[in-house]
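Dear colleague,

Please find below the structure I wished to pass on to you. My findings follow it, and I would be grateful if you would read them with the coordinates open.

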Amino acid sequence: MPWTQLQAGHFVSRRHQFHRWDLDNGNVNPQCVACNRFDQGRQWAHGQYIDQKHGEGSAAWLWQTRKTSAPMDRTELEALLAFMLAFNTARIKQIKEHQDSKP
């Protein structure tokens, strides 16, 4: 599937701010539109993937801590935005280079 057709799938819903942008612990992963929007993110399979990639119990930890309160101030939000822009720019470049190197 082309990277342009992928979406940011959240294991724990985005409404739970504590994990909304949690890339380090696996809450956000690429998903196709069918899985992410029309199959409720295939949450059980998504949890299995998180445990496989980040260690057994990682999905359970994300779920158990989803209601943790952690408001961000403007400085933290700006730093997060800068990080996400750099991260996504680098990732898109990496994916394009990989696609261009295929025979």
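Gly55, which comes just after helix H2, takes a positive phi of about 110°. Please note that this is a predicted model.

Helix H2 itself covers residues 43-54, 12 residues in total. From first C-alpha to last it reaches 16 Å, close to the 16 Å expected at 1.5 Å a residue. Its buried residues are His46, Gly47, Ile50 and Asp51. Viewed down the axis of H2, these fall within an arc of 140°, so they line one face of the helix. In general, an α-helix has 3.6 residues a turn, so residues three or four places apart point the same way. The partners of the buried residues of H2 are strand E1 (6-10), strand E2 (28-32) and helix H3 (58-64). Gln52 and Lys53, on the other side of H2, are exposed.

I also draw your attention to the aromatic residues. Searching the whole structure gives two aromatic pairs. One of them is formed by Phe11 and Trp63 in an edge-to-face arrangement, with 6.4 Å centre to centre and 65° between the planes. This pair links distant parts of the chain, as Phe11 lies in the loop between E1 and E2 and Trp63 in helix H3, 52 residues apart.

Trp63, at 39% relative accessibility, counts as partly exposed.

With kind regards

Conventions
Residues numbered from 1 in each chain as written. Predicted model: local features only at pLDDT ≥ 70, side-chain atom pairs only at ≥ 80, totals over all residues. Heavy atoms only, no water. Helix = DSSP H or I, 4+ residues; strand = E, 2+ residues; numbered from the N terminus. Expected span 1.5 Å × (residues − 1). Buried < 20%, exposed > 50% of the residue type's maximum accessible area, 1.4 Å probe, protein only. Arc of directions from axis to C-beta. Contact = heavy atoms within 4.5 Å. Phe/Tyr/Trp six-rings, centres within 6.5 Å; stacked < 30°, edge-to-face > 60°.
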